[in-house]
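These are my notebook entries on one structure. I record what I looked up, entry by entry.

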Amino acid sequence: MSFEQEWGELKAAAAMRLNQAPGSGGSGPKGSGDYVVKDDELGNIGHAAFHLFNGLEPTGKHAKAVSEAAGKSLTGDGFDTGAAFTEVIEAWGKQVKTLLQACAHISNHLDYTKASRKSDDEWIETQLRIVGPVSPEADAAVPVSEISKYFR
C-alpha cells in the first residue's frame, strides 16, 4: 500500500470518528455539540503560544547557526554529507518560520478575541444599565422589555 493510500484511509477514519463524536464532551453544557471556551482558557492558550514563540525563535536560530557550522565543516573536510546537511538546514529554517508565524497568529488572534469579547460585554453592560428615575446617579433594574431586545 502506498503512503498516499494509507494516509487517505487514516484521514477518512479520523473524519468518521469526529463526525460521530457524542455531544456530551468538551466544556459546554451536557449534551451540547458546541465547543465553549472560557476567557481564562483563551488567555492561557494565547499565553502558551506567546511563550512558545519567544522560546522557539532564539532556539531555532541557535540550531540553524550550529548546523550551518557543522555543514560547512563537513563540506570543508571533503564529506558529501555537508551538502545534504545544508539542505536539511534550509528545510529546518522554513519549518521554524512557519511554526513561529502560527504561534504569533494564535497569540494575536486570542488577544484580539479576548479584548473584543470584553469590549462587547462592557457595551452590553452599559446598554443594560439605567440611570435615572429611582434616584440620580443610581443604577436601577432593567425592565424585561429592554432585556428581551438582546435575545432575538
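**Salt bridges.** I searched the whole structure for salt bridges and found 1. The criterion I applied is a side-chain nitrogen of Lys or Arg within 4 Å of a carboxyl oxygen of Asp or Glu. The bridge joins the side chains of Lys-61 and Glu-57, at 3.9 Å from N to O. Both residues belong to helix α2 and stand 4 residues apart, so about one helical turn separates them. I then looked up their exposure, where buried means under 20% relative accessible area, exposed over 50%, and partly exposed in between (1.4 Å probe, protein chains only). Lys-61 is exposed, at 55% relative accessible area, whereas Glu-57 is partly exposed, at 30%.

**Basis of the entries.** Residues are numbered from 1 along each chain as its sequence is written, and side-chain values use heavy atoms, with hydrogens and water left out.

**Confidence.** I noted the pLDDT, the predictor's confidence in each residue on a scale from 0 to 100. The protein averages 75, and 66% of the residues score at least 70. By element, the highest mean pLDDT is that of helix α2 (residues 39-76), at 85, and the lowest that of strand β1 (residues 130-132), at 51. Over residues 24-29 the pLDDT is below 50, yet this stretch has 10 contacts in the model beyond near neighbours in sequence. A contact here means heavy atoms within 4.5 Å. I keep in mind that where pLDDT is low, the predicted coordinates should not be read in detail.

**Overall architecture.** I listed 4 helices and 2 strands in the protein. These are DSSP runs numbered from the N terminus, with helices (H or I) of at least four residues and strands (E) of at least two. From the N terminus on, the order of elements is α-α-α-β-β-α. Of the 152 residues in the protein, 11% are buried. I also checked contacts with a separation of 6 or more: residues 24 or more positions apart account for 41% of them. The accessible surface is about 12,000 Å², and carbon and sulfur atoms contribute 60% of that area; the areas come from the Shrake-Rupley method with a 1.4 Å probe, and for residues only the protein chains shown count as cover.

Which two rings pair, and how are their planes set? I counted 1 aromatic pair. The ring centres of Phe-3 and Trp-7 are 6.4 Å apart and their planes lie at 5°, so I record the pair as stacked. The rule takes rings of Phe, Tyr and Trp (its six-membered ring) with centres within 6.5 Å; planes under 30 degrees apart are stacked, over 60 edge-to-face and the rest tilted. Both residues lie in helix α1 (residues 3-19), 4 residues apart, about one turn of the helix. Phe-3 is exposed at 60% relative accessibility, and Trp-7 is partly exposed at 46%.

**Nonpolar patch.** Phe-3, Trp-7 and Leu-10 make a nonpolar surface patch of about 370 Å². Patches are made of residues with over 30% relative accessible area and no salt bridge; like charges are joined within 9 Å and nonpolar side chains (Val, Leu, Ile, Met, Phe, Trp, Tyr) within 5 Å.

Is Ser-107 buried or exposed? I find Ser-107 in helix α3 (residues 81-128), and it counts as buried at 6% relative accessibility. Leaving out residues up to four places away in sequence, Ser-107 touches Gly-46, Ala-49 and Phe-50. Gln-101 also has its place in helix α3, but Gln-101 is exposed, at 58% relative accessibility.

Notes
Predicted model: local features only at pLDDT ≥ 70, side-chain atom pairs only at ≥ 80, totals over all residues.
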